[in-house]
Amino acid sequence: MRRSSSRKTGAANPASSINPSAIDPYRSASSKSAAKELERIDQLFNVYANKSSGLIDPEGIESLCSDVGVDYTDVRILMLAWKMQAAKQGYFTLEEWRKGLKALRVDSIEKLKKALSALEQEVAKPQTFLDFYSYAFRYCLTEEKQKSIDIESICELLELVLGSRYCNQVDSFIKYLKIQKDYKVINMDQWMGFLRFFDEISFPDFKNYDPDLAWPLILDNYVEWMRTNQS
Amino acid sequence: MVLGVSQHPRGQLEWSNMTMNERKVIDLDQGWAFMQQGITKLKNILEGVPQQQFSSEEYMMLYTTIYNMCTQKPPHDYSQQLYDRYKEAFDEYINSTVMPALREKHDEFMLRELVKRWSNHKVMVRWLSRFFHYLDRYFIARRSLLGLNDVGLQCFRDSVYKEMRVKVRDAVIALIDQEREGEQIDRALLKNVLDIFVEIGMGHMDCYVEDFETEMLADTASYYSRKATSWIMEDSCPDYMLKAEECLKREKDRVTHYLHSSSEQKLLEKVQHELLFVYASQLLEKEHSGCHALLRDDKVDDLSRMYRLFCRIPKGLDPVSQIFKQHVTAEGTALVKQAEDAASNKKAEKKDVVGLQEQVFVRKVIELHDKYLAYVDKCFMNHSLFHKALKEAFEVFCNKGVAGSSSAELLATFCDNILKKGGSEKLSDEAIEETLEKVVKLLAYISDKDLFAEFYRKKLARRLLFDKSANDDHERSILTKLKQQCGGQFTSKMEGMVTDLTLAREHQTNFEDYINNNANANPGIDLTVTVLTTGFWPSYKSFDLNLPAEMVKCVEVFKEFYQTKTKHRKLTWIYSLGTCNINGKFDPKTMELIVTTYQASALLLFNASDRLSYSEIMSQLNLTDDDVVRLLHSLSCAKYQILNKEPTTKTISPSDYFEFNSKFTDRLRRIKIPLPPVDEKKKVIEDVDKDRRYAIDASIVRIMKSRKVLSYQQLVMECVEQLGRMFKPDFKAIKKRIEDLITREYLERDKDNPNTFRYLA
C-alpha cells in the first residue's frame, strides 16, 4: 500500500488506549446492545482518524498497524481494507471502518489482532480469494479514470497478494515482468488472467499452456521467454 | 443347324395304326413311342446323321399327339407324365451322347465341342418345346410350373454346365493369359463360350459372374501383380506408365471383343489396382525417373500420361499434385535464393535501393508462373487440385522478401519501372499490357496486399508529380486490373490521384488567367501549382522551409487566387516535392539548372553570401539534418559540383563550409541535378502497420457488434477472414488489439468462460 506520511510514526494517544471496554475483550458484544458495539467501533475510529478530515489517513493507518503489531506493508492490512471495501488507498472512511469491523465482529485492537489471522484463512478460500484479488488491483487505482497500474507496482502487488500462495511462480513471473519491454502497464483483465494462469498452468514446464487460447499476450510472451531460456 | 419343315419323303414319321381323323384314346406308351420317333429324328439331325428335315405334316402330328394326350379324359390325361418325359428326353440325350463327347476333349477342342453342343441343345429345346407346346398353354400355366423352354435349358445347366464349368472356365482363362502374352487366340470362340455363361443364367448374370468372372478377375489380378513386380524393378517410370497404358487399352479391347460389357469396369479396376494403386508411391518417387524428375526435365508427355493414369485410381492425383507443389515451391525458392545471393554482392551504399537483381527476380517469377500454369492447363487438364497446388506453392515463396525488401515492395517497384519514363524495362505497348496483367495475377499470391498498395501509391505519386509517367493509358489500365482483382476500395485513392492531376491542369490554366488579368498579382516568376486532395495522396511531412523571398511572393499570390475559388479548403504546402528551374551565372557560361525547391533555396542563399557554413545553411533554411546533408551532397559531392566544399571529402559533415563554384560548367546548357529520394520504405511499413491496427480494431468491433458473444478462436478466425483480402493479420497483433479494446471498454471477457468475449454496447 502506498503511503505519504510526512510525520514520524507516533504511538497512538496513550490516553485513548485506556478505553474501559477495550480492556475486556471477553465481554462479548452479544450481551450488550449493538449500539454499544457501534459506539466502541466509532471510538476506535476516532483514535486513528485525522480530526480535520474526519478520515483515517495514511498516518493513522500506520499507527493502527503498529498497534496491531503488523507491518503497514503486510498483506493483512490489505485484507482489512478489502473487508471494509475501502475505496481509496491509504484512507478509511467511517462508513468503511464500521462496515469492516462489524463484519469482523471486532470493536477493539485486541480483537482486531485476532481477527486478522482468522481473516487470512477466510480470504484463502477460492471464491473469496478471487474477490480479494480483484479488489487488490482496484485498490491501487489511485487516480480518477485510471485503468492500469505500472509494472513496478504490479510486481509489488503480486508479491504481496500471491507471494505466499504461489511462491516460485510469482518469483519467476516478476523476474520476467521487470525485464520485458512490451508492456509498461497492466490492466484489470490481464491482472485477473495472472491468477488464472497460476491456478491452472503447471509450473515450470507449462505443459498445458496453449497460446492459441485467449490468454493475455503478456503471458504468451512470458511462456515463450521461459521456454527459450529453459532449452 | 437349321431345322425346317420340308416335303422330303425320306424319314417321314409314321403312325402305325392310326389316322388323324379318328379320335381314339391314345395310350401313354403308344403315344410316347410316336413321340420318341420324332425325338430320335431330331437327334439324328443334330448329330449330323443324314436325315430329312421335318415336314409340316410330321410337325403337326407330333404336336397333335401331345394335344390329344393332354386333352383326353382321365385316367388318360397324361400331361404330368408327358411333362416329365419331356425333361427326361433331354437328360437321356445329354447323358448318353453329349457328355461323353465332351469328356473326351480338352482345352480349345473342348471349348469348340461345348459351343457346338450348346447350339444343338438350343435347337433341340426349340423344336421339342414346339412339339410339346400344348403343355405350356394349360398344364404348366395352371400348375405354375417351369415352362418348357426353361426346363430344357435347365437340363443342360444342371448336367453339362454343372460338370464342365470349372474346366471351361480354366480353359478360357488360360487362353486369355496366352493372348496377354502376345499369342493369337480364337476370339470368336471365346465370345461364344462366354455367351453360354450369360445365356445359361436365364435372364440373370449370376452364372457368368460366379462361375467365370470372379475367377477371371482374380487371375487378372495375379497376372498383373506378377508383371508389376518385375516391371517396377526394371522399368523407369515413363516406361512403366507406357506399359500400363497399353495394358489398359488391351483389356478394354478384350471386353469389346469377347468379354461381357458388364466386366469392363471391374476388369479395368483390377488392372489399375495392380499396376498403379499398389505401386503408386514407388512409381512416383522413382529416383531418376519419378514425378520429380519428370517435372525437372520438363517431360510434358510423360506427365500428361501420368495424369491420365493416376486420375483413374482413388485419390491417385493427390500425391502427384503434392510433388508438383513441392517442385514449384523449390523452383521458386531457388529464384529467391538466387536473388538474395546476387543482392548480397551489391555495394553497401546501394543496399536499400531495389536494384536490377530484384527486377530480374520478378521477371523470373512471372516466367515461372507462366510455365507452370501451362503445365496445369495442358498436362493436368486444368484440374482444380493442381490449380490449388500451384497457388499454394506460389504463396510460399512469393511472400519471401529479397535482401530486406518485401515481395510487395518488389512488385510495386517492378510496376514503377515499367510505367515510368526511362524505366529499365523497354517494351512494346502490347508487351507492357501483358506484363501488367501478369503482375496483377501475382499479387493474388501475396498476403500483404495493403503493403503493395501503399508502395504502389507512393511510387505513383512520384511518377505523377515529377511528370515521370510514360503513358497515361497504361496507368489507367493497371488500375482497372487492380480494381478487378482487389476491389474498388483498393484503387479508389489511386484513381483519385490520377484525377487530381487532370484537375490540376485546369486549375493552372485558371491561375494563369488570373495572373494575366491582375497586374499586381504577378509574382514575377513562372509558377505552376498542383493542388492535391489530401486523402488520396500518401502523407508527406511538410517542413517549414524558409523560402527565398522570390518564392514567398509566389506562394502569396497563389493563396489569394485560391481564395477566390474556394473558401472552405486549407492549403498545406509541400515544398519537398517541388521543382525549380534556376539560372546559374557561372564564369564560363550561364546555365539553367533544374533542381528541387530545397536545392534551389539552398543555392539562392549564395546570392547573399559568398561562403556559408553547414550550420548557417541549416538554420537559414530551417530544415532537418537529414535533408540538409542530402541536398548539400547532391550539390557538392555528386556528379555536378555547383558548390565547392571545404574540406573536399566525399561526405557532408556539420563542420563543412560551402562556396559558390563560379568555375562550374558542362557541355550542355541545361542540366538536371537529381536529388535522390529519401528511402520511403520504413515510413511505408510504419504507415501500413498503423492502418492495420485500425483495420483490425474496426474488424473486431464489427464482428463483436453483430455476434454479441463470441469465443476467442471464432473471433480470430472471422477477423482473419474479413481482413484476408488485404493482408494476413498476425495473431499476436489481434490479441493485442483485443486487449486494447478491453481497456477501452468495447469488449469484456466473459465471467464464466475466460475464452469468450462479450460486446459492450
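This is a predicted model: local features need pLDDT of at least 70, side-chain atom pairs count only at pLDDT 80 or more; totals for chains, interfaces and linings use all residues.
1. Starting at the N terminus, the elements of chain A follow the order α-α-α-α-α-α-α-α-β-α-α-β-α-α. That gives chain A 12 helices and 2 strands. Here helices (H or I, at least four residues) and strands (E, at least two) are DSSP runs, numbered from the N terminus. Residues are numbered from 1 along each chain as its sequence is written, and chains are lettered from A and ligands numbered from 1 in the order in which they are written.

2. A bit more on chain A: 46% of its 231 residues count as buried. Buried means under 20% relative accessible area, exposed means over 50%, and partly exposed is in between (1.4 Å probe, protein chains only). If you take contacts in chain A between residues at least 6 apart in sequence, 65% of them join residues at least 24 apart. A contact means heavy atoms within 4.5 Å.

3. One label comes from a record: an unreviewed UniProt entry has the annotation "domain: DCUN1" over residues 36-227 of chain A. UniProt positions are given in the numbering used here, feature names are shortened, and annotations may be inferred rather than shown by experiment.

4. Now for the empty space. Rolling a probe the size of a water molecule over the atoms shows where empty space is left. On a 1 Å grid over the protein atoms alone, a cavity is a set of points where a 1.4 Å probe fits but cannot get out; a pocket is an open set with protein on both sides within 12 Å along at least five of seven lines; lining residues have an atom within 4 Å of a point. Grid points are joined across faces, edges and corners, and a volume is the space filled by probe spheres set on the points. The count comes to 5 cavities of 30 Å³ or more.

5. Which residues line the largest cavity? They are B:F361, B:V362, B:V365, B:F397, B:C398, B:S407, B:L410, B:L411, B:L442 and B:I446. This cavity has a volume of about 90 Å³. At least two lining residues each come from α16 (356-378), α17 (384-398) and α18 (407-419) of chain B. The lining has 9 nonpolar, 1 polar and no charged residues. For these classes, Ala, Val, Leu, Ile, Met, Phe, Trp, Tyr, Cys and Pro count as nonpolar, Asp, Glu, Lys and Arg as charged, and the others, Gly among them, as polar.

6. The second largest pocket holds about 780 Å³ of space. It is lined by 24 residues, and those closest to its centre are A:M188, A:D189, A:M192, B:R749 and B:K751. Two or more lining residues come from each of α8 (126-139) and α11 (188-200) of chain A, and α29 (731-743) and β8 (747-749) of chain B. The largest share, 7 residues, belongs to α11(A). By class, this lining has 8 nonpolar, 5 polar and 11 charged residues.

7. Have a look at helix α25 (residues 614-621) of chain B, where B:Y614, B:I617 and B:L621 are buried. Seen down the axis of α25(B), these residues fall within an arc of 70 degrees, so they line one face of the helix. The arc is that of the directions from the helix axis to the C-beta atoms. An α-helix has 3.6 residues a turn, so residues three or four places apart point the same way. The buried residues of α25(B) pack against α24 (597-605), β3 (611-613), α26 (625-636) and β5 (657-660) of chain B.

8. Is B:E213 buried or exposed? B:E213 is buried, with a relative accessible area of 2%. This residue lies in helix α9 (residues 206-234) of chain B. Beyond its neighbours within four places in sequence, B:E213 contacts B:Y208, B:S262, B:S263 and B:K266.

9. Finally, some backbone details. Most residues other than glycine have a negative phi, and most peptide bonds are trans. The peptide bond from A:F203 to A:P204 is cis, with omega near 0 degrees. A:R105 has a positive phi near 60 degrees.

Definitions and conventions: Side-chain values use heavy atoms; hydrogens and water are left out.
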